[in-house]
Amino acid sequence: MLKQIPHKNLLFLFFFIGYTWVSHAQITIMKNGAGICPNGSIGLSCSAPNIVDYTWEFLRPAPIGWSTLTGKNSSSITHNEIGQYRLTVRDNVGVVSISNTLDIVGLNNPPIPIITPSRAVTQICQGDSIILKTNFQLGFQYFWFLDNNLITPLQYFEITAKKAGEYILKVTDQSSLSNACSSFSLPYKLDYTSVITVKIDSLPPFCGLSTPPINLTATPANGKFKGKGITDANVGTFNPATAGVGKHEITYEVAQNGSCPSVFDKRTFMVSDPKSIITTNTGKTQFCQGDIATLSAPAGMKNYEWFLGGNSVGTLNKLDVGAGGDFQLKITDEAPCTDTSPVVKIEFFNATSVTTDPILSVCGTEHAAIPLKGTPSGGAFRINGEFATTFDYKKLGVGTYKVFYKLDGSLPCLQGSSEQEVEIQDFPKPELGDDILLGKGNGITLKGFINQPKLSYLWSPATTLDDATIANPTAKPIVSTKYFVTVKTDLGCEGKDSINVVVYQPVYIPTAFTPNGDANNDTWELNGLEVYPNPEVQIFNRWGNMIFYSKGTYTPFDGTDSGKTLPEGMYVYKINPFPDRPNFQYKGTFMLFR
């Protein structure tokens with residue numbers, strides 16, 4: 001046995017006993033925690049180099065003293081006793097060393113946590129949740145377990161529990177004076193509330209809105225029915241007439257115990273009311289020979305069957321026919337529900353011809369009214385769009401009229417129309433105007449134009465006209481001439497008029513004369529005036545007083561007024577070769593010199 005002899009002044013003491021060296025060199029052992037938790041242990045270790053043998057010892061009460069820990073001969077151990085520990089080691093050259101003494105204390109566990117639910121229940125509904133929590137303490141860490149499996153990520157002092165199972169809470173002391181001592185809560189057992197299975201019994205489709213109401217069946221009892229067509233929610237009465245045609249989703253809902261939500265089942269019921277109706281491409285059952293009648297069935301059906309006289313003739317949704325007969329249609333929808341149409345009689349007819357009695361186009365309105373007649377009878381007449389039974393020339397007046405007769409039968413071949421155009425023309429009324437005075441050797445345009453369509457013109461005499469067949473010819477007579485024009489419409493309605501073109505000789509009018517007795521320009525001569533039978537000459541002084549007047553054969557003015565000599569100056573004249581045509585007149589001034 002080794003004996004320890006202390007020495008205060010030497011760092012090392014060596015005793016040679018047999019062949020063993022004992023050293024009090026500083027061999028240090030370390031612990032991995034502050035102490036030992038209840039029912040726990042602590043780790044001890046030594047990191048000295050070149051050690052080949054380890055003997056760990058624990059100081060027990062006297063008289064035992066230091067006692068070797070059996071089976072613990074490595075550099076690190078784990079042990080569960082509270083007290084003093086030391087380590088004796090031997091290195092690879094045989095030197096034995098004894099470590100420091102390490103005092104291991106006992107630690108306390110945290111208070112046992114208590115799991116408190118947010119509701120005092122141990123059952124929840126499927127899909128529901130409950131909050132589990134404990135009292136919060138600073139310096140502790142909380143670990144939640146469900147069925148012995150750690151819930152990750154790590155939670156706080158409360159969690160939201162959504163699953164059934166056994167929940168346990170572990171609380172660990174995180175302070176520096178603890179060795180992560182932990183306490184565990186009592187288990188909290190959470191179960192699911194029993195789930196009710198709900199089912200609505202199925203039914204075949206309802207064919208027809210007149211089908212009597214029926215009570216739906218479902219399990220379990222005492223639920224509520226909802227949906228279009230349900231007239232009694234407790235009994236589950238479904239009325240097809242109330243629901244209407246279509247697919248209707250019916251819900252059966254049963255309440256669960258406690259706060260669990262109701263459970264339900266849904267089922268779709270079909271209400272069908274197919275109506276087999278035959279329609280045609282014209283909306284009618286009568287057709288003209290040569291046409292094709294297209295019979296149509298309602299769309300969206302699963303099956304179609306056409307019958308002619310009771311015999312099947314087609315299975316599509318349309319049927320083209322060119323001959324008459326009695327047709328029926330049977331349809332089947334996806335439900336499947338069926339319906340057969342009433343008999344529809346299809347007929348074909350030959351075409352007819354429509355005519356009207358002719359109405360004459362006339363000149364003027366002084367004609368008797370004509371009754372309007374069409375063949376075949378039974379149609380209606382319109383004159384320029386207005387209903388009429390007679391063609392009344394006087395009431396209608398001059399114009400062009402479209403007489404339309406229409407026979408409205410039920411078919412194109414039993415209807416038709418006839419149309420004619422009737423014209424009431426006015427008699428042309430040419431207005432050539434007053435007689436025209438034309439200087440000899442000149443020309444003039446005769447204006448016979450009438451603003452009326454479809455007119456022809458004929459003038460006479462034609463010899464001095466540039467074109468006797470136009471509305472406004474140019475006339476160049478050498479003597480006075482009376483012209484006649486005849487205007488006709490395309491129907492021969494005729495109008496006439498005439499005009500005199502008077503050809504006159506120009507009069508030479510001097511601008512001055514000198515009545516001084518020298519026998520040269522002593523009178524105011526008007527050459528050319530002599531050809532007029534009754535010319536009129538008037539002369540006025542500067543104050544507008546007439547100082548000379550002559551009618552008939554002109555006696556030249558000699559510069560006197562009633563034998564009195566007139567002074568020199570300017571005088572005004574008016575000469576009317578034709579006094580009865582005052583619009584034809586010479587006007588001007590001349591000078592009198594002495």
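## Basis

This is a predicted model: local features need pLDDT of at least 70, side-chain atom pairs count only at pLDDT 80 or more, and totals for chains, interfaces and linings use all residues. Residues are numbered from 1 along each chain as its sequence is written, and side-chain values use heavy atoms, with hydrogens and water left out.

## Strand pairing

Strands are DSSP runs (E, at least two residues), numbered from the N terminus; helices are H or I runs of at least four residues. Two strands pair if DSSP finds at least two bridges between them.

β28 and β29 run antiparallel and are joined by 9 bridges. Val254 stands opposite Val263 in β29. Strand β22 (residues 206-207) also pairs with β29, in the parallel sense, over 2 bridges. There, Cys207 faces Ser272 of β29.

β26 and strand β27 (residues 237-238) are joined by 2 bridges. Asp232 has Thr237 in β27 as its bridge partner.

## Nonpolar core

A nonpolar core is a set of buried Ala, Val, Leu, Ile, Met, Phe, Trp, Tyr and Cys residues joined through side-chain atoms within 4.5 Å. Buried means under 20% relative accessible area, exposed over 50%, and partly exposed in between (1.4 Å probe, protein chains only).

The largest such core has 25 residues; Trp524, Leu526, Phe557 and Ile575 touch the most other members. Two or more residues come from each of β53 (494-504), β55 (536-540), β56 (546-551), β59 (569-576) and β60 (586-592). Contact means heavy atoms within 4.5 Å. Leaving aside neighbours within four places in sequence, Leu526 is in contact with Val507, Tyr508, Ile509, Pro510, Val537, Tyr554 and Ile575.

## Aromatic pairs

Rings of Phe, Tyr and Trp (its six-membered ring) pair if their centres lie within 6.5 Å; planes under 30 degrees apart count as stacked, over 60 as edge-to-face and the rest as tilted. The whole structure holds 25 aromatic pairs.

Phe206 and Phe238 form a tilted pair, 5.1 Å centre to centre with 40° between the planes. Phe206 lies in strand β22 and Phe238 in strand β27, so the pair ties together parts 32 residues apart in sequence. Both Phe206 and Phe238 are buried. Phe513 and Phe557 pair edge-to-face, at 5.8 Å centre to centre and 65° between the planes. Phe513 is in strand β54 (residues 512-513), and Phe557 is in the loop between β56 and β57 (560-561), 44 residues apart. Phe513 and Phe557 are buried too. Ring pairs also link a cluster of Phe513, Trp524, Phe548, Tyr554, Phe557, Tyr571, Tyr573 and Phe590.

## Charged contacts

A salt bridge is a side-chain nitrogen of Lys or Arg within 4 Å of a carboxyl oxygen of Asp or Glu. The whole structure has 16 salt bridges. One joins Lys266 and Glu249, with the closest N and O atoms 3.7 Å apart. It links strand β29 (residues 263-272) to strand β28 (residues 246-254), across 17 residues. Lys266 is partly exposed at 42% relative accessible area, and Glu249 is partly exposed at 46%.

Asp326 and Lys345 meet at 3.9 Å, N to O. Asp326 is in strand β36 (residues 325-332) and Lys345 in strand β38 (residues 344-349), 19 residues apart. Lys406 and Asp408 meet at 3.5 Å; Lys406 is partly exposed at 40%, while Asp408 is exposed at 57%. Glu423, Lys454 and Asp490 are linked in a network of salt bridges.

A charge sits over a ring if NZ of Lys or CZ of Arg is within 6 Å of the ring centre and within 35 degrees of the ring normal. Lys170 does this over Phe143, 5.6 Å from the ring centre. Arg581 does it over Phe578, at 5.5 Å.

## Two single residues

Thr134 lies in the loop between β14 (130-133) and β15 (140-146). Thr134 is buried, at 9% relative accessibility. Beyond residues up to four places away in sequence, Thr134 touches Pro113, Ile114, Tyr142, Phe157 and Leu169.

Lys31 lies in strand β3 (residues 29-31) and is partly exposed, at 37%. Leaving aside neighbours within four places, Lys31 is in contact with Ile42, Gly43, Leu44, Leu102, Asp103 and Ile104.
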